[in-house]
Amino acid sequence: MRTTKCQLLVTSLCVMLLGLSIATLSTVTHYGLHFTLISNISLESNAYRAIHNAAFYFGICLSMALILAALLSSAAMVRESQCLTAMGFFCFALAFCGLIPAACWRYTHSTEVENSMMDVYDLVYEEVRRNISSLRRHELTAIHEAFLCCGKHSPFGDTTDIEQETCPSSRVHDAGQDCLREIQDFLKKHMDFISTLLGVTIGFTVYGMILTSFLWFSIHFSSNLDRKGKYILRERPEWTMLCGGAVPHLH
């Protein structure tokens, strides 16, 4: 049991760090400049906004489950409590049930996030090209400054005027640099990091479930063994006092 406790202590510490990392990543993703620029653009077809908000709340809930599992497992290890151990196992299982769908969604919808962001950029760019709204011009300028890119390759003709007006002064000489490619590369790095973090977290979560279940059974059987071998000696009532001494009554 001592080895199990040491392993559970290290696992709980790692799970807590992973939970804090997921919470930090969710916050950075939700409030980061690159993501908020795309999410805050008021378009009816802005599908990224729903993904943006859902990812934040899911990440916060997942991090809370992981941190709670780590705290309960540590307390169960110190107090050797079956109740705390069972609660720690339940939190690990709850986090595991959230991690598996997240990992599956990451691989089955790998291009949905980047496609939704690039669609928003395309719509803003085309509205600026058609001079529909001055607000879109400011939004396009902000996107160019955030992603350090300048314009895109458009099949509708010359876009030099748009790029000179909306690109940062340091990037005007890079006019025609495809912002769609920059957005795609930026998201690929971000999503690769998320995939790695999910994979590591799933591994530690499964290991935590194994350790907490083993600790629960160890506590359960050790408590049963402690109760064995405890007997109470009682004086037999059949004994009678004969001739000044105690002799058993013979049946």
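Predicted model: local features only at pLDDT ≥ 70, side-chain atom pairs only at ≥ 80, totals over all residues.
Is Asp192 buried, partly exposed or exposed? Asp192 is partly exposed, its relative accessible area being 34%. Six salt bridges turn up when the whole structure is searched.

- Asp192 pairs with Arg106 in a salt bridge whose closest N and O atoms are 3.7 Å apart.
- Because Asp192 belongs to helix H8 (residues 179-227) and Arg106 to helix H4 (residues 82-108), the pair ties together parts that are 86 residues apart in sequence.

- A salt bridge joins the side chains of Arg129 and Glu126, with an N to O distance of 2.8 Å.
- Both residues sit in helix H5 (residues 112-129), where they are three residues apart, or about one turn of the helix.
- Arg129 is partly exposed, with 26% relative accessibility.
- Glu126 has 12% relative accessibility and therefore counts as buried, the cut-off being under 20%.

**Salt bridge of Glu127 and Arg136**

- Glu127 forms a salt bridge with Arg136, and the closest N and O atoms lie 2.8 Å apart.
- Glu127 counts as buried at 17% relative accessibility.
- Arg136 is likewise buried, with a relative accessible area of 7%.

**Packing of helices H1 and H3**

- Two packed helices are described by the angle between their axes and by the distance between those axes.
- Helix H1 spans residues 2-31 and helix H3 spans residues 48-79; their axes come within 8 Å and cross at roughly 160°.
- Angles over 145 degrees count as roughly antiparallel, and H1 and H3 are therefore roughly antiparallel to each other.
- The crossing in which H1 passes H3 is left-handed.
- Sorted by class, the contact of H1 with H3 contains 17 nonpolar, 12 polar and one charged residues.

Technical notes. Residues numbered from 1 in each chain as written. Heavy atoms only, no water. Axes fitted to C-alpha atoms, helices over the stretch in contact; angles between N-to-C directions. Helix = DSSP H or I, 4+ residues; strand = E, 2+ residues; numbered from the N terminus. Parallel < 35°, antiparallel > 145°, perpendicular 65-115°, else oblique. Left-handed = near helix turned anticlockwise from the far one by under 90°. Nonpolar A, V, L, I, M, F, W, Y, C, P; charged D, E, K, R; others polar. Salt bridge = Lys/Arg side-chain N within 4 Å of Asp/Glu carboxyl O. Buried < 20%, exposed > 50% of the residue type's maximum accessible area, 1.4 Å probe, protein only.
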